[in-house]
Amino acid sequence: MSELTIRCKLPECDRCIFYAHTPFLVCTLHPGGVSSNSCLDFQRDPMAKPEELWEPEGASYYNGELVVTPQQRWSRLEKLALLDTHPLFTGRCPQCEISIPYEDLKVHWDCPLCDWKDDSI
């Protein structure tokens with residue numbers, strides 16, 4: 001019994017110099033498509049139209065992948081207040097004003113002196 005190999009057209013095929021521009025075959029080198037997630041023979045066609053990366057509101061492309069941005073939890077005023085008071089930006093505890101050495105700054109910080117807890121994350 002022979003194993004069935006699934007072949008397909010890749011998203012980048014439309015921009016390859018070997019693309020056939022026909023619904024009956026994918027390209028001149030791989031008429032039925034490729035059986036992996038990439039094609040070793042891919043060569044960008046300099047005359048191909050540039051790929052349009054449409055971004056819906058609340059999402060952005062990172063390394064070619066559409067990533068949905070989570071909803072913002074804070075208002076603009078709350079964000080500004082965070083910049084004025086958070087130890088990450090000020091270098092000091094917002095309650096007792098103890099100084100934090102630059103090398104000890106991290107994203108989540110709790111004050112060892114007054115027990116202030118960073119719950120902004």
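Two residues are in contact when they have heavy atoms within 4.5 Å of each other. The model is a predicted one, where local features need pLDDT of at least 70 and side-chain atom pairs count only at pLDDT 80 or more, while totals for chains, interfaces and linings use all residues. Residues are numbered from 1 along each chain as its sequence is written, and side-chain values use heavy atoms, with hydrogens and water left out.

**Exercise 1. Find the surroundings of Trp116.**

Task: Work out where Trp116 lies and which residues it is in contact with, leaving aside neighbours within four places in sequence.

Solution. Start with the place: Trp116 is in the segment after H2. Helices (H or I, at least four residues) and strands (E, at least two) are DSSP runs, numbered from the N terminus. Next, list the contacts of Trp116 beyond four places in sequence: His86, Pro87, Cys93, Pro94, Gln95, Trp109, Asp110 and Cys111. Finally, check accessibility. Buried means under 20% relative accessible area, exposed over 50%, and partly exposed in between (1.4 Å probe, protein chains only). Trp116 has 17% relative accessibility, so it counts as buried.

**Exercise 2. Describe the overall layout.**

Task: How many helices and strands does the protein have, and in what pattern do they follow along the sequence?

Solution. Count the elements: there are two helices and four strands. Read in sequence order, they give β-β-β-β-α-α. Then turn to burial: 17% of the 121 residues count as buried. As for contacts between residues at least 6 apart in sequence, 36% join residues at least 24 apart.

**Exercise 3. Pair the strands.**

Task: Which strands pair, and over how many bridges?

Solution. Two strands pair if DSSP finds at least two bridges between them. Take E1 (residues 19–22) and E2 (residues 25–27): they run antiparallel and are joined by two bridges. Thr22 has Leu25 in E2 as its bridge partner, and two residues lie between the strands of this hairpin. Now take E3 (residues 59–62) and E4 (residues 65–68), which pair in the antiparallel sense over four bridges.

Val67 counts as partly exposed, because its relative accessibility is 34%. Beyond its neighbours within four places, Val67 is in contact with Gly58, Ala59, Ser60 and Tyr62. Glu55 is twelve residues from Val67 in sequence, and their C-alpha atoms are 9.4 Å apart.

**Exercise 4. Check the cysteines.**

Task: How many disulfides does the model contain?

Solution. The rule is that a disulfide is a pair of cysteine sulfur atoms within 2.5 Å. By this rule the count is zero. For Cys39, the closest cysteine sulfur is in Cys27, 6.1 Å away, which is too far for a bond. Cys114 is in no disulfide either, as the nearest cysteine sulfur, that of Cys93, is 3.6 Å away. Cys114 counts as partly exposed, at 28% relative accessibility.

Cys96, in the segment after H2, is partly exposed at 29%. Residues up to four places away aside, Cys96 touches Cys111, Leu113 and Cys114. Between the C-alpha atoms of Cys96 and Cys111 there are 8.6 Å, with the two residues 15 apart along the chain.
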